[in-house]
Amino acid sequence: MLYLQILAILFMIPGFAIVYLAKFIVKKYKLNEKAVYTYGNELTEEQLMEYKFNKAVVNIKILGFFIALPGVILLLVSIK
């Protein structure tokens, strides 16, 4: 079962790294500029920029979670 635990860690490390570095990734690749806001003119310019940044960070964190999830499941199965 050691090989399953090693494989699980290999899945989890990049996923958790993406979650941890989400703000850096958004700033580096300017992903907040690509975020879509479809609710009209309800926000000021500053609030809109903050909304787009937070939306991009959450999307990156969800992606990291989905990358790490198979590793977590595999680790739970290998420990049983």
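This is a predicted model: local features need pLDDT of at least 70, side-chain atom pairs count only at pLDDT 80 or more; totals for chains, interfaces and linings use all residues.
## Exercises on helix packing and ring pairs

Val72 is partly exposed, with 29% relative accessible area; the class runs between buried, under 20%, and exposed, over 50%, with a 1.4 Å probe and protein chains only. Residues are numbered from 1 along each chain as its sequence is written, and side-chain values use heavy atoms, without hydrogens and water.

**Exercise 1.** Is Met12 buried or exposed, and what does it touch?

*Solution.* 
- Step 1: Met12 sits in helix H1.
- Step 2: Its relative accessibility is 13%, so Met12 counts as buried.
- Step 3: Residues up to four places away in sequence are not counted; Met12 then touches Ala68, Gly71, Val72 and Leu75.
- Step 4: For Met12 and Phe66, 54 residues apart along the chain, the C-alpha separation is 9.7 Å.

**Exercise 2.** Describe how helix H1 packs against H3.

*Solution.* 
- Step 1: H1 spans residues 2–20; its axis and that of H3 are 7 Å apart, at an angle of about 160 degrees. Axes are lines fitted to C-alpha atoms, for helices over the stretch in contact, and angles between N-to-C directions run from 0 to 180 degrees.
- Step 2: H1 is therefore roughly antiparallel to H3, given that angles over 145 degrees take this name, those under 35 are roughly parallel, 65 to 115 roughly perpendicular and the rest oblique.
- Step 3: H1 and H3 cross in a left-handed way; left-handed means that the near helix is turned anticlockwise from the far one by less than a right angle, right-handed that it is turned clockwise.
- Step 4: On the H1 side, the contact residues include Leu4, Leu7, Ala8, Phe11, Met12, Gly15 and Phe16. On the H3 side, they include Ile60, Gly64, Ala68, Gly71, Val72 and Leu75.

**Exercise 3.** Repeat the description for H2 and H3, then find the largest nonpolar core.

*Solution.* 
- Step 1: The axes of H2 and H3 are 9 Å apart, and the packing angle is about 120 degrees.
- Step 2: H2 is therefore oblique to H3.
- Step 3: This crossing of H2 and H3 is right-handed.
- Step 4: H2 contributes Ala22, Lys23, Ile25, Val26 and Lys27 to the contact, and H3 contributes Phe53, Ala56, Val57, Ile60 and Lys61.
- Step 5: The largest nonpolar core has seven residues, namely Ala22, Ile25, Val26, Phe53, Ala56, Val57 and Ile60. Such a core is a set of buried Ala, Val, Leu, Ile, Met, Phe, Trp, Tyr and Cys residues joined through side-chain atoms within 4.5 Å.
- Step 6: H2 and H3 are the elements that give two or more residues to this core, and H3 supplies the largest share, four residues.

**Exercise 4.** Examine Lys30 and Asn32 in the loop between H2 and H3.

*Solution.* 
- Step 1: Lys30 lies between helix H2 (22–29) and helix H3 (45–79).
- Step 2: Lys30 is not a glycine, yet its phi is positive, about 55 degrees. Most residues other than glycine have a negative phi.
- Step 3: Lys30 is partly exposed, at 48% relative accessibility.
- Step 4: Asn32, in the loop between H2 and H3, is buried at 17% relative accessible area.
- Step 5: Not counting residues up to four places away in sequence, Asn32 touches Val26, Lys52, Phe53 and Ala56.

**Exercise 5.** How many aromatic pairs does the whole structure hold?

*Solution.* 
- Step 1: The search finds three; rings of Phe, Tyr and Trp (its six-membered ring) pair if their centres lie within 6.5 Å, with planes under 30 degrees apart stacked, over 60 edge-to-face and the rest tilted.
- Step 2: Tyr37 and Tyr39 have ring centres 5.6 Å apart and planes at 70 degrees, so this pair is edge-to-face.
- Step 3: Phe65 and Phe66 form a tilted pair, 5.5 Å centre to centre with 55 degrees between the planes.
- Step 4: Phe65 is partly exposed at 44% relative accessible area, and Phe66 is exposed at 51% relative accessibility.
- Step 5: Ring pairs join Tyr37, Tyr39 and Tyr51 into a cluster, in which Tyr39 is exposed at 52% relative accessibility.

How values were computed:
Contact means heavy atoms within 4.5 Å.
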